[in-house]
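Q: I am new to this structure and would like to learn how to read it, feature by feature. Could we go through the sheets, the helices and the chains in turn?

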Amino acid sequence: MTVHIDENLVQDDAGAVNCRHCDAALGVAQQPLRDARVRESDPRTAGPSVRADSGHFADRPVVLRQTFCPGCLTLLQSEIVPGDEPSGRTRSVVAR
Amino acid sequence: MAYVIGIDIGGTFTDAFVADEGGRVAGVKTPSTPPDFARGFLTVLDELSAELGVATGALLADTHYIVHGTTSTLNALVTGDVATVGFLTTRGHGDSIAIMNLEGRYAGLGSDQVQDMVRTDKPRPLVPPQLIREIDERIDHKGSVVVELDEQGTRTAVRELVAAGAEAIAVSLLWSFRNPAHEQRVGEIVAEEVPGLYVALSSDVSPRIREYARSATTIMNTQVGPRLRDYLRPLEVELRRRGFSGSLLVMQGSGGCVDSADAPSRAITTIGSVLTGGVVGCTRLADELGHRNVISTDMGGTTFLAGLVVDGEAVSTTSTVLNQYQVNVPMVDVHTIGAGGGAIAWVDAGGNLHVGPRSAGARPGPACYGEGGTEPTVTDVDLLLGIVNPDNFLGGRKQLSVELAAEAVRAKIAEPLGLTVDEACAAIYAIQNAQTADLVRKVVVTSGQDPRDFVLYAFGGAGPMHCASYAADLEIGEVVVPLGPTAAVFSAYGLAASDIVLTAELSSPTNFPPDPAEFNGAFQQLRSELDGRLAAQQLRFADVEYRSEADLRYTMQLAEVATPVPVGDLDEAGLAGVGAAFSDRYEQLYGKGSGFAEAGLQLITYRTRAVGVLPIRPRLTPVGPADGDARPVTSRRVFLDARRGWQDADIYDYRHLAEGHEIKGPAVVEAPTTTVALPEGCVGRVDRLGNLVIRYTQA
Amino acid sequence: MPVIPVAGSEKFANLPTTPEETRRIVGDSVRLHDVDRSVVDALDPLTYEVVRHRLTSITEEMGEALKRMSGSVVVTDCNDFDAAIMDEVGDVVQVGLYNTELAASLDMAANWTLRNRCARPGIAPGDMFLCNDPWVGGGLHQNDTSLFAPLFVDGELFCWTGAVAHQVDLGGVSPGSWSVGATDVFWESLPTPPVKIVEGGEIRQDIEDVWLRRSRVPKLVALDLRAKIGANNVAHERLRALCDKYGADVVKAVMRRTMDDAEQRLRAKLREIPDGSWSSVAHQDSARSGDRGIYRIVLTLTKTDDRLVFDFTGTDPQVDGLINCTFAGLRGGIMPVLLTMVCGDIPWACGGIYRCIEIISEPGTINNCTFPAGIGKASVASGWATTNVATECLAGMLDTHPEHRKRLMSVCCGTWDFALLAGVDQRGGGFVTMLCDSMAGGLGARSDSDGVDTGGLACIPMGRVADVEMNEFAFPMLYLWRREEPDSGGPGRFRGGVGASSCFIPYDSPLGGVHLVVSAPGKALPLAGGLSGGLPAGTQHDVLVRNTDVHARFAAGRIPASLDELAGTTDLVPTHHETDLGAADVYYTHWQGGGGYGDPLRRDPAAVAADVAAHKVSPAGAGDVYGVVVDDRGAVDEDATTTRRAALRRSRAGLGAEEVPA
Ligand SMILES: [Zn+2]
């Protein structure tokens, strides 16, 4: 059964995950964003909503980490997190 | 001969009621004529004259006053067909009406909607951002000026608002109720800049602490004021042309009326005037029947309204919620607690049966109307249980389909639950009645009363079909179904029997007790304001009564309790008496031991109500004594009580009944406007005014 | 000093217990009412619905009674309280629509009381128990004080009712009991395990004195105690009448079936959703004043058939500070979003809902801490962060279903912006109050619409903020503004609701200034994450400007509309801070909005232009994040927008104009 994992991702019966906008291959059920493009940048590039530099309050580095569709460059995942820890955001829908 | 007339214009019908000094009364009903409601107003006057057998000109010439209840202000606010308003407020606080104390996301919603939090939203903004201007000025909590009013900035802001399309201006500045100087000066500046522009000041409209509700109230008042003015002025001119020389009065949500010249500047007070007509009618009827405490229940096709009369007076509230906005307006406390006869019965995903709160509304209406409704409603069930006669619904004005009703119940309820249609109907009827009892109970209990101390009045098309049942659940001993000559136009009767009511209030928060001079001074100020407004009504009053109250609370509590204050200046002992009265009332509302006087008291708002008693009070005519026993016209099988199942019941035609007739349940009384169900264990007796009074002989 | 294990504290490390185990422990010391399964099965739809509706209305009446009688602004104006009806072993049958976080562990407290108080001092008609020990349950931190009462029918303990509310101060080093310097619980308010404060219908004066003695505002706490007694009394009177009318067995059968119904409907809904697992992480910056660490809670939610497993493995160990929470706090953190997002159309009978979920968490972690870790701000620290991480995982799960995705939200207002004022008020009386303006946080974006601007918090369906005038009347303060903050809602195809800010000065206190306690994380990094590519909401931002010229500006006829207009020394306020405000010091506090949903470049440009007109998004935000160019008249410049979006799509992914994506 085809599952829309969210507004950008679709997973087919075999567990292949593709972009819903351009059909680019992105990954598999266990790692839906395996082949997506990841970029880290300064949190303040997220826009004016980040009001102050993280260095005022914490010693660990903080990054804006974004994941894009390699085909159409749609933004698939955004997080502002300590830069010294890997992303804790994953998901896996059981293919059936 | 001197007449008084009540005219109630609802969305569907325009009702009129006339009474003369000699005790003659008449009522007529015609369709409303939206959007030009004035046309229906004039038509119903012609019909009323015909009913009395006099020319319209002659009737109008002898009419002292006409009391008009109108749904137009409320409709305008609900539909958004209002004047474009510009809003001026203190710098830094223009977002208050958007933040809505955040409660605007859920205010006025039912608990099932609140629970579904993800799907809740705030309403459309009251004023779009381009029509809001903040001005430099500031007054503090004591009323002292912290920042002077920036007059030049105000002038610029007014010009900008008018250029942006404002047809009227609402002004609400922080702490203006403590010191209205800045608001008054802004009002003058608006008048200088744009002479004749409608402007409302929050310190006039609602001088009460809490800026969000005060601003919302002032804005809504400004939205409807110009429209009400444009409706009433030509109407009054036309009435004068037709020979009317009396006063045209407009009903307010408070249950009292106000002269039509005074109404537009306080237009917000007229919202809810149609809702209150029924409660005012109950108050007058209760007066006639000697009932001091009454629960008024009005169950129509689409709504169920409940109100209270305590000690002969309609219970009032000082604020209400409209379109999810908090509005400060003294009103008869009418609770919309259900969906009426249109309430839909449904089965949830877990296989549980529910009734309401969704309603089939007027369109498509119940399945039995044959207008496309497929969902079973309470009205369908009333039909299938034999309570409603399909050939004699609303006096035969609408033919109902038993087949469509049965199909709806079968498909949506009986089959999914594995019940017969009869069993499903019995369950829906019982659930509807029990829920009604829960909701009515909440209304009574939250006002600190016990339902067992009340007589219940039931009217509206569907109320009398259910009242004997829900009243029994509330352990109420006596139920009155108003059925005399007023029955069809009960609200219009209430209007004709009303008085002038003006309310003035002023917040001046302080620790209690304040200096007696301060306390007495506040009430003197309110009294002189009211005397001025009463004189401006240009009416002859039989009497003028004043009622004063102060909103007190324990320090830092949300809930202020309106506490009666004796008329006249009070000394320290008198103030202590007010404090004691507050404590008593508080314990009555929230339970013994809940008061905690050590926390201290605060006084938030002073309020005085003036009642100008009008000289003509319509008297109802007796229906005449019965001659022999009541005779049923037929009998049929009905289901009125789950414990007793289907029973043969006598069916009576109300038009054949007279004072003293007694009817034992199980029975059904068919009247032109409604149907009354009398389960076994009830006895209905026709009183001298033609009302059916139900009492219980067994539980 | 680091947290050292305390022998003897194990007794209070409460975990949910099964009804069977509870009955075994209670034995015959208290007769517990029970009803045969056959009575539950025999319930007809009519009786079930009538009695169920009445139980709901009793819960509402309890809430109303508590709210009206309470003396705390946090209760009366902000709805930071709740009420519940529980069965004889404490399973929750019905919870009120107020702070669901608080009510989520009332069952644990009532159940612990049964097991530990049944023999001595015993449980009898007219008794009520008070508890503010979050290891036992009944609240998330010590300020959450619950009062629960057994109802006896015919000599048997028929059911429990409970009321819980935030008390503004119950002692501890700092006013408001939020000791921002705390390294462990001994800096904080003393946790009080269940104690029989009402016996046979009367308040025990000795116990009440012990209870009130710790508080800086004993009168207020006493008033709230009476409010909770009143709420329980209201419920007992109504429940007794219900049992008289329908019989205790039938009423209990309805309670059982209400929980069964909630369980079955939740299971049915879960079966409709694809199986899978969703992992997420929630951060908090700073554990106490002076601390510059960042801590995390990790959750993997696994949905298999009709069950949910919340596995917190990987979460950081408990820390020296006040941000930890107990197991009750973890559970209280999950419940609000489970109720609002997954059970919006299912009865809130938590007793049934809990049967569908399993929690895996290691004691000694930041959201399942052991005594004596500091938990003074647990409700809004690790409890809240647990809500955030649960929101992301549950929303991800719901997003896979075409119908259920309509009830997902991105994370709402990422934290509680705590600002506490204390001192002497304008009438000369002492006061302590929590500024509750930040109740008006932004709600998370939905999968089909924007989040509600200043719409509230995830855990309180009916939050409220007090009017500016009410705060200025009650406390010695004067606001320069309270306003919605542009760009504070997480950008996305659907925008998160904006948060807001308040800016004020001390005013009219005989002391001149006021004492201020601040505890508001989300400054080093935003805490309300977005979904489906949507960005997080903005950061928390508190600024203190010392020795300003604000009074001179007033005298000159101007109200400053931004901090830039003020002279003075500007300090960014750290996450945890305690200080005094002088008469010319301006305090500005800006709380968070909700996370966004979807790629902001896919947002309808007209919606962005409308946001700019309504000051929900700044022109800079519109251009830099949404790629929308708005002209002088406020309309979308279509051509410039197309060009801008094309460029932004590449540059944000780190690609030059000509580069081909790999
Ligand atoms: Zn793509």
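A: Let us begin with the idea of pairing, which the sheets rest on: two strands pair if DSSP finds at least two bridges between them. Please keep in mind throughout that this is a predicted model.

Q: With that idea in hand, in what order do the four strands of the open sheet in chain B stand, and is the pairing parallel or antiparallel?
A: The order in chain B is S6-S5-S9-S10, and the strands of this open sheet pair in the parallel sense. Strand S6 (132-135) and strand S10 (198-201) of chain B have a single partner strand each, so one side of each is left without a neighbour in the sheet. If direction is ignored, neighbouring strands here are turned by 20° against each other on average.

Q: How many bridges hold strand S9 of chain B to S10(B), and which residue is the bridge partner of Val171(B)?
A: Strand S9, residues 168-172 of chain B, is joined to S10(B) by four bridges in the parallel sense, and Val171(B) has Leu201(B) in S10(B) as its bridge partner.

Q: Which strands of chain B does helix H6 lie across?
A: Helix H6 (residues 151-163) of chain B lies across strand S5 (85-90), S6 and S9 of that chain, and H6 runs at about 180° to S6(B).

Q: Where are the edge strands in the sheet of chain A?
A: In chain A, an open sheet of four strands has the order S1-S2-S3-S4 with antiparallel pairing, and its edges are strand S1 (3-4) and S4, each of which pairs on one side only. Strand S2 (residues 9-11) of chain A is joined to S3(A) by three bridges, and there Val10(A) has Asn18(A) as its bridge partner. Strand S3 (residues 16-19) and strand S4 (residues 25-28) of chain A also pair over three bridges, with Val17(A) opposite Gly27(A). Five residues lie between S3(A) and S4(A) in this hairpin, and Asp23(A) in the turn has a positive phi of about 70°.

Q: How many helices and strands does chain A have as a whole?
A: Chain A has zero helices and eight strands; its C-alpha trace spans about 50 × 25 × 20 Å along the principal axes, and buried residues make up 56% of its 96 residues.

Q: How is the packing of two helices described?
A: In general, two packed helices are described by the angle between their axes and the distance between the axes. Here, helix H10 (residues 327-342) and helix H12 (residues 382-398) of chain C pack at an angle of about 35°, with their axes 8 Å apart, and the crossing of H10(C) and H12(C) is right-handed. Among the residues making the contact are Gly333(C) and Val337(C) of H10(C) and Ala390(C) and Leu394(C) of H12(C). By class, this contact has eleven nonpolar, six polar and no charged residues.

Q: Why is helix H13 of chain B described as largely enclosed?
A: A residue counts as buried when its relative accessible area is under 20%. In H13(B), 19 of the 26 residues are buried, so this helix is largely enclosed by the rest of the structure. Helix H13 (residues 421-446) of chain B reaches 37 Å from its first C-alpha to its last, close to the 38 Å expected, and is followed by Gly448(B), whose phi is positive, near 80°.

Q: Which chains have the most contacts between them?
A: Of the two pairs of chains that touch, chains B and C have the most contacts, whereas chain A and chain B do not touch, their nearest C-alpha atoms being 18 Å apart.

Definitions and conventions
Residues are numbered from 1 along each chain as its sequence is written. Chains are lettered from A and ligands numbered from 1 in the order in which they are written. This is a predicted model: local features need pLDDT of at least 70, side-chain atom pairs count only at pLDDT 80 or more; totals for chains, interfaces and linings use all residues. Side-chain values use heavy atoms; hydrogens and water are left out. Helices (H or I, at least four residues) and strands (E, at least two) are DSSP runs, numbered from the N terminus. The expected span of a helix is 1.5 Å times one less than its number of residues. Buried means under 20% relative accessible area, exposed over 50%, partly exposed in between (1.4 Å probe, protein chains only). Axes are lines fitted to C-alpha atoms, for helices over the stretch in contact, and angles run from 0 to 180 degrees between N-to-C directions. A crossing is left-handed if the near helix is turned anticlockwise from the far one by less than a right angle, and right-handed if clockwise. Contact means heavy atoms within 4.5 Å. Ala, Val, Leu, Ile, Met, Phe, Trp, Tyr, Cys and Pro count as nonpolar, Asp, Glu, Lys and Arg as charged, and the others, Gly among them, as polar.
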